[in-house]
Amino acid sequence: MALGDAILACLTERPMTGYELAKTFDASIGFFWKADHQQIYRELSRLRDKGHVQGREVVQSGKPNKLVYTLTAEGRAALKHWAARPSVPPSIKDDLLVRLYALECVDIEPLRTDLMARLEHHRDRYERYERLLNKRFPDGTAPPADVGKMLGLRIGMRHERVVVEWCEEALDAISAISGRGNVLSLDDGKREGNG
């Protein structure tokens, strides 16, 4: 997926200014596809050059004029074409996992601190997903146009919950081996010391 595809998907909701798009992106698609505001503005320009979006200038008094972007028929066709292609499962690139792989050669305390920070980060994200899901879909249902958005929030919550559980498991495991050289067996997240 390219950033342009994510922007086209975001514009299916409604016409938006670059600022509104960046803010909407931050609170929705941005959970799954990272881009800063400048990248979004540059990509909007490229999409406009391709004819996938059109910009309409809105005159404002006392403020600079704003450009409102709308998805064009060509943009909808490009989005439909992109969405018909098979997705590519993401690969995991995580330096924390590499450090854990070499656990016997790294200092435990910085690793524990990193795991605790990661745990808090994922707890916060879980709570954010939960708030958004409860606010946008309080009864757990969605109109057909929003089912994909609801499903995205649900997988986000599940992912964050699993990562939180894994961080807790990892913290328990490294605490159990701190200062000891014995082998630790992990079975379904429960510790059993073998020694």
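Start with the whole chain in cartoon view: this predicted model has seven helices and five strands. Follow the elements from the N terminus, and their order is α-β-α-α-β-β-α-α-α-α-β-β.

Keep the whole chain selected and show the C-alpha atoms. Along the principal axes they fill a box of roughly 70 × 40 × 35 Å. The radius of gyration of the chain is 22 Å, whereas a compact globule of 195 residues would have one near 16 Å.

Next, select Ile-7, Leu-11, Leu-21, Phe-25 and Ile-40. These residues have the most contacts inside the largest nonpolar core, which has 19 residues. Now colour α1 (3-10), α2 (18-26), α3 (37-50) and β3 (66-71); each of them supplies at least two residues of this core. With five residues, α1 gives the most to the core.

What is Ile-40 in contact with, leaving aside its neighbours within four places in sequence? Select Leu-3, Ile-7, Leu-21, Ala-22, Phe-25 and Ala-35 to see its partners.

Then move to another core, which lies apart from the largest one and has 12 residues. Select Ile-108, Leu-119, Leu-171 and Ile-174, which are among them. In soluble globular proteins, nonpolar side chains tend to be buried together.

Buried residues make up 31% of the 195 residues.

Notes. Residues are numbered from 1 along each chain as its sequence is written. This is a predicted model: local features need pLDDT of at least 70, side-chain atom pairs count only at pLDDT 80 or more; totals for chains, interfaces and linings use all residues. Side-chain values use heavy atoms; hydrogens and water are left out. A nonpolar core is a set of buried Ala, Val, Leu, Ile, Met, Phe, Trp, Tyr and Cys residues joined through side-chain atoms within 4.5 Å. Buried means under 20% relative accessible area, exposed over 50%, partly exposed in between (1.4 Å probe, protein chains only). Helices (H or I, at least four residues) and strands (E, at least two) are DSSP runs, numbered from the N terminus. Contact means heavy atoms within 4.5 Å. The radius of gyration is taken over C-alpha atoms; the globule rule is 2.2 Å times the number of residues to the power 0.38.
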